[in-house]
Amino acid sequence: MRRVLFVLILLFLFVLSASPGLADKKDAEHKKDAELSTARLSPSTQACIACHAQYTPGIVHDWLSSRHSQTTPADAMKKPELERRISADTISEDLAGYVVGCYECHSRNPKKHKDNFEHMGFRINVVVSPDDCRTCHPVEVTQFSGSKKANAIKNLMANPVYHTLVDNVTGVKRIVNGKIITERPSEKTLHESCLGCHGTKIEVKGMKQLVVASGEIIVPDLTNWPNQGVGRENPDGSLGACTACHPRHAFSIEVARKPYTCAQCHEEPDVPAWDVYKESKHGNIFFSKYHEWDMNAVPWTVGKDFKAPTCAVCHNSLIVSPSGAVLAERTHDFGSRMWVRLFGLIYSHPQPVSGDTSVIKNKDGMPLPTTFTGMKASEFLIDKEEQEKRLRSMKSVCNGCHNMDWINGHFAKLASTILETDAMTQAATNLMLEAWSNGIEDKSNPFDEPIEQRWTKQWLFFANSARYASAMTGAPDYASFKHGWWNMTNNIAEMKEMIDLKTSVKDKKATK
Amino acid sequence: MRRVLFVLILLFLFVLSASPGLADKKDAEHKKDAELSTARLSPSTQACIACHAQYTPGIVHDWLSSRHSQTTPADAMKKPELERRISADTISEDLAGYVVGCYECHSRNPKKHKDNFEHMGFRINVVVSPDDCRTCHPVEVTQFSGSKKANAIKNLMANPVYHTLVDNVTGVKRIVNGKIITERPSEKTLHESCLGCHGTKIEVKGMKQLVVASGEIIVPDLTNWPNQGVGRENPDGSLGACTACHPRHAFSIEVARKPYTCAQCHEEPDVPAWDVYKESKHGNIFFSKYHEWDMNAVPWTVGKDFKAPTCAVCHNSLIVSPSGAVLAERTHDFGSRMWVRLFGLIYSHPQPVSGDTSVIKNKDGMPLPTTFTGMKASEFLIDKEEQEKRLRSMKSVCNGCHNMDWINGHFAKLASTILETDAMTQAATNLMLEAWSNGIEDKSNPFDEPIEQRWTKQWLFFANSARYASAMTGAPDYASFKHGWWNMTNNIAEMKEMIDLKTSVKDKKATK
Amino acid sequence: MRRVLFVLILLFLFVLSASPGLADKKDAEHKKDAELSTARLSPSTQACIACHAQYTPGIVHDWLSSRHSQTTPADAMKKPELERRISADTISEDLAGYVVGCYECHSRNPKKHKDNFEHMGFRINVVVSPDDCRTCHPVEVTQFSGSKKANAIKNLMANPVYHTLVDNVTGVKRIVNGKIITERPSEKTLHESCLGCHGTKIEVKGMKQLVVASGEIIVPDLTNWPNQGVGRENPDGSLGACTACHPRHAFSIEVARKPYTCAQCHEEPDVPAWDVYKESKHGNIFFSKYHEWDMNAVPWTVGKDFKAPTCAVCHNSLIVSPSGAVLAERTHDFGSRMWVRLFGLIYSHPQPVSGDTSVIKNKDGMPLPTTFTGMKASEFLIDKEEQEKRLRSMKSVCNGCHNMDWINGHFAKLASTILETDAMTQAATNLMLEAWSNGIEDKSNPFDEPIEQRWTKQWLFFANSARYASAMTGAPDYASFKHGWWNMTNNIAEMKEMIDLKTSVKDKKATK
């Protein structure tokens, strides 16, 4: 096997130097497939590429277009602080001088990785985890690890209320004796739906044979794989998948900064950030003009590199003014500039203190930040002072283009929308409580009957949409008719219509 | 303060000449941040920029990328007529020789501007209105001012039927003694929903203190601000906001010509122009190829600058053939090439004569272009001859690519769709009339009960969608299943289902 | 007339050589409006252009940007096999040496073309059909002609079940004596809806006068024209419209490879390929990075020309690795890499053997691949072996980037989703059967009553959406809440709610 590898490596080096596919630069502006000084690839990575350039060429060439393939950590650390894309203060000598290749990432922390295995003479991990990325990017990984995103599985599945919603939505239904029977959801369907975004738990069940183009190989047998959900539980015990936003194997900052990335999970009807952005003035300017912007620059300069925000501008990028003043520090705790939580819960509320929201207990003893009637579990939520601090940090980004009067006017509208949409949810809750007390639906499971499902739509789809539209400089038609005021109003009317009908039919049964 | 300004101006001039951020041209093709001959900036604008390059750098740099920052009115007037982007015949001497900077726009007509105030030694207006833009663009402002767009607030809010719809959709609902109580909508929610597109009324309540980065300043206290709705009522008494389509501060013709701009307000479910365009062959070609087109050229040449239309091509741009023949004159009255009105009203009808539609009275005495059963208020609508003239003007645009047989075939389909979708609305109206006469819903407010709301969806969401899909060279799947024939058919079936159920329950109550 | 033509030709040649519009190349990278060696235009095409450059300049210039206007068949045939864009082995001498111009395409096979007519001294066809394109592209046309796409009209309209659905959806409804009466759909509405994508039947009714800019001309009077539906029945008896995906008159491979093209017909809610792609990781990477890719290259090299698939990569393009190995052969039978059919039918099933699906008969004698309760008409469907062969061909494309463990894990999820979504349809079917047996709806037409329409949504909109989301590397939020599990679950709950209500009201009527 080693002999074969040696020949393949020679072959690859020849290809690298001779192939017009790699050496040509069709587009001097954009093309990243630069010539590689092979001296800067570690011998192990050369071995990986020697085979994989043949067996999975797409990802090898994707990596060749990446900054990882062009830069050594040692060089990356020499940049001035604001321009640095690496947050480690020191990098071990065996890594510092090589570009960041296959082996550099897939061989980290082998003892912690239950998915570590022998492959063609090398010990590698199948899954690269945030703890592996931490080698060069410790600040980002630490920020991320405390966030709601890192805890995305637990926040959904360890919360009995949400777990009930998940089970009810994704379980197969059968009609048995005229009744709807809901089965437990399969792992595969959870994986394709809720946990596609939230992340799956990857465990090693053992080893297995795999037939590949070159013959048979032995590889770890992983549960719930492949998955790149943002809160994935990795075989090394860490939480998260950096590839959720920096897709393999270019790990591009440009991709992460473009709204298409956030759009994969943050969209209609439950989290319509993308849908609202598209209709907003910011989105209008982005789509019309971003071909002229620099989506790769670090730091990222308002007015110069970009002229309207994408998701990343407001929520996590390092933003500076053309004179170099820092408007916002980089963060990978994506909630850290947010003071209020607009979606996913029955009522809006201050952001939770901990990224792990399964610790919350409200007045009714439920693991929710508010009760069904809106009372807040304040001890688990950030206080007024912290809210104001975060609002100021967001306003500082806005102030890159807008004056303070404009900004204050904008956020005053959002505050009003929050109050009014919570009232619209409250009205729907009152109707559901009536349905329960009339005995036309049963409160033991609040998600499995049609009036309950209309109530769920009120907050999970409609009230949150109106709030998003208000938060993101406006998507007025979306808030009026697409998902918003029309829908909240119509939903309440239809809840009442069905309650009246069902009560009337039930009463007649009773009085007969 | 004057001393500070002087220092800041010197600083700014230094920055302009030295800053690599401004002087570098990363992309010779696209970059508009050209070096500015500071001699062409008015002294007042230099003062504005001296501070705002620091305090709101984003908009300063956006402006630096604009044609306004590169061209003086005197130069703009020298172009051959078809290439002119300025319609004034004369420009006063104090403006003609300077590029169009902050002060040039924000200082116009101070006596008419109730929002005029003293700011750092200068008297400026917060809001720049169409009447200010009129200085250089009088033809466009005059065209716009007579349009339905300029009257967008009145057309919605001064019409009692629409006002009832608005109130019912956007008012907060409370459940009181089992009944739905609808509150009056708040100004903030109107502002975030309907008036976000239609425009708000901006009034000056007085002056107020504002905390900004540099300390405290005194500014006008405006109602319903910020807003850039197309029919905005401005503090100088004028109607409209040019920034609705030419967003600040690049005021780009490219942005206005791209469909993302129109998409902000003209979209699903009530005005699905954008949604239909995306699915049309024209949209397909635009999205696939526009990176090769010239979206900035004036005049705009079919086949050369663009190869498929965007919204602007058909509705308002100056279009010429490669040999220079004018296919369509530029207009900023966006209805002026349209002979029939497809959306927003119960039935299709000829375009109204006046952009102010609140003057209309139909046979039932209502301010609508048709009665509930479809009879037209013809004296307020354009006549056959005017319809044909406008249709010819549209066909002239189509003829840039399509032959007359193709064009005639296309518009014959639209004419048929209009008749049939109006019949589908008529069927829903008949069902609603039945519900009213059966006493299961109450006609005093035609928008607040669920069968009425299904009727509203029939014309406001579904019939109009099928018409749009027909008008814009086809979005057949949209018209079939997304919003269109399936929905109209299913909606009628569900209206009937609920009427039968409710009537049956009511009858039993009565016969007991 | 001939004299006029001669002058126009001279004029055109002058324009071609002198016009800065044609000669300038604004963008050396992208601009295809190259100088034309007029010697390579056939005299007939020169005559066409002489007039049409004036009368329909848009399409002339679109063609000028095409490969057709730059290349002669003789030159196209000289390319190495993998790079050839022409599949004919021989081209007749009268065509080989001229570029592919107006006359070359619009004059083919005049005897078969019932739409052939005399126009300005030339005999031409209005409609260019696949059989005309076959002159140079015989392999593609033969592949296409056996596909489901080519049979798209018959597959819809010659199937009595589907025909009933079509009639019910698109027929105008009237309310007569309180009952819903459905009229037969008009040809124009069929043309604007279902047949917009499936294709119309183009027949020649006779000749007619047409008023055009130059006066009156006599042209064929065609039914159902214009249309570019993929299964169009042409006046020469052939099936299909190449322009459905290669829009006139650039006939660009780039346009066909971009997902916007497929999106015109394959979209929400019945065929949400586009909607799912947009939310997938592949879509995310495409939208973020395609400006750097080569969408025109033949062959198309994974990793080099593109880094994530569009529709064409997986379904029909010739894909090679950077070393030149063929990962997938080109095909214009778009089902030929697919082993299972996910949409459009009540239950998933193996792909049909024949592209003409009207030949299928199931156990109930219906022309459907399964019965209403899911039993497969296996003799009309491909067998296990063929399914596995096709799955392997698809995996070979995936393997361009992904390892086999990843790929197997992905398709195992899809297999599970197929089973579970079919079970969700089965549950809805059982509820509908209950409604029929209870007598609350009537089974003679399975599409015209509201519970039946809820059943239709279950498979036509929701189950298929969940399957698409599973098939295309994941659109988890789409499958959870947009169109998928939430909707299937909620729809079953609402079907049950209405059945219970209507049964209860009916029973009371009966017991009175």
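**Entry 1. The sheet in chain B**

The model I am reading is a predicted one. I then traced the strands on either side of this pair. Strand β8 of chain B covers residues 319-320 and is joined to β7(B) by 2 bridges, the two strands running parallel. I noted that the sheet is open and consists of 3 strands in the order β7-β8-β9 of chain B, with mixed pairing. Its edges are β7 (300-301) and β9 (326-328) of chain B, each of which pairs on one side only. For my own reference, strands of a sheet pair through backbone hydrogen bonds, either parallel or antiparallel.

**Entry 2. The sheet in chain C**

I repeated the reading in chain C, starting from a residue pair. C:Trp300 stands opposite C:Ile319 in β8(C). Here β7(C) and strand β8 (residues 319-320) of chain C pair in the parallel sense, over 2 bridges. I recorded an open sheet of 3 strands, ordered β7-β8-β9 in chain C, and its pairing is mixed. The edge strands of this sheet are β7 (300-301) and β9 (326-328) of chain C, and each pairs on one side only.

**Entry 3. Chain B against chain A**

I turned to the contact between chains. Chain B places 76 residues in contact with 65 residues of chain A. I read a buried area of about 6200 Å² between chain B and chain A, to which carbon and sulfur atoms give 59%. Which three residues supply more of the area that chain B buries against chain A than any other three? They are B:Val169, B:Glu192 and B:Gln264, which supply 11% of that area.

I next examined the charged and polar pairs. The interface of chain B and chain A holds 7 salt bridges by the rule. One that I inspected joins the side chains of B:Arg454 and A:Glu494, at 3.7 Å from N to O. Between chain B and chain A I also noted 23 residue pairs in polar contact, both residues being at pLDDT 80 or more. On the side of chain B that touches chain A, helix α21 (residues 450-471) of chain B gives the most, with 8 residues. By class, that side of chain B has 31 nonpolar, 22 polar and 23 charged residues.

**Entry 4. Chain A against chain C**

I looked up the corresponding values for chain A and chain C. This contact takes 77 residues from chain A and 65 residues from chain C. The area buried between chain A and chain C is about 6200 Å², with 59% given by carbon and sulfur atoms. I counted 7 salt bridges between chain A and chain C. In one salt bridge, C:Asp405 meets A:Lys208, with the closest N and O atoms 2.6 Å apart. The polar contacts between chain A and chain C come to 23 residue pairs, both residues at pLDDT 80 or more. Helix α21 (residues 450-471) of chain A gives the most to the side of chain A that touches chain C, namely 8 residues. I sorted the residues of that side of chain A into 31 nonpolar, 22 polar and 24 charged.

**Entry 5. How the copies are related**

I checked the relation of chain B to chain A.

Last, I asked why the copies can be said to meet through different surfaces. Only 5% of the interface residues of chain B are also interface residues in chain A, so the copies meet through different surfaces.

Notes:
Residues numbered from 1 in each chain as written. Chains lettered and ligands numbered in written order. Predicted model: local features only at pLDDT ≥ 70, side-chain atom pairs only at ≥ 80, totals over all residues. Heavy atoms only, no water. Contact = heavy atoms within 4.5 Å. Buried area = accessible area lost by both parts, 1.4 Å probe. Salt bridge = Lys/Arg side-chain N within 4 Å of Asp/Glu carboxyl O. Polar contact = N/O pair within 3.5 Å; in protein donor to acceptor, adjacent residues only side chain to side chain. Helix = DSSP H or I, 4+ residues; strand = E, 2+ residues; numbered from the N terminus. Nonpolar A, V, L, I, M, F, W, Y, C, P; charged D, E, K, R; others polar. Pairing = 2+ DSSP bridges.
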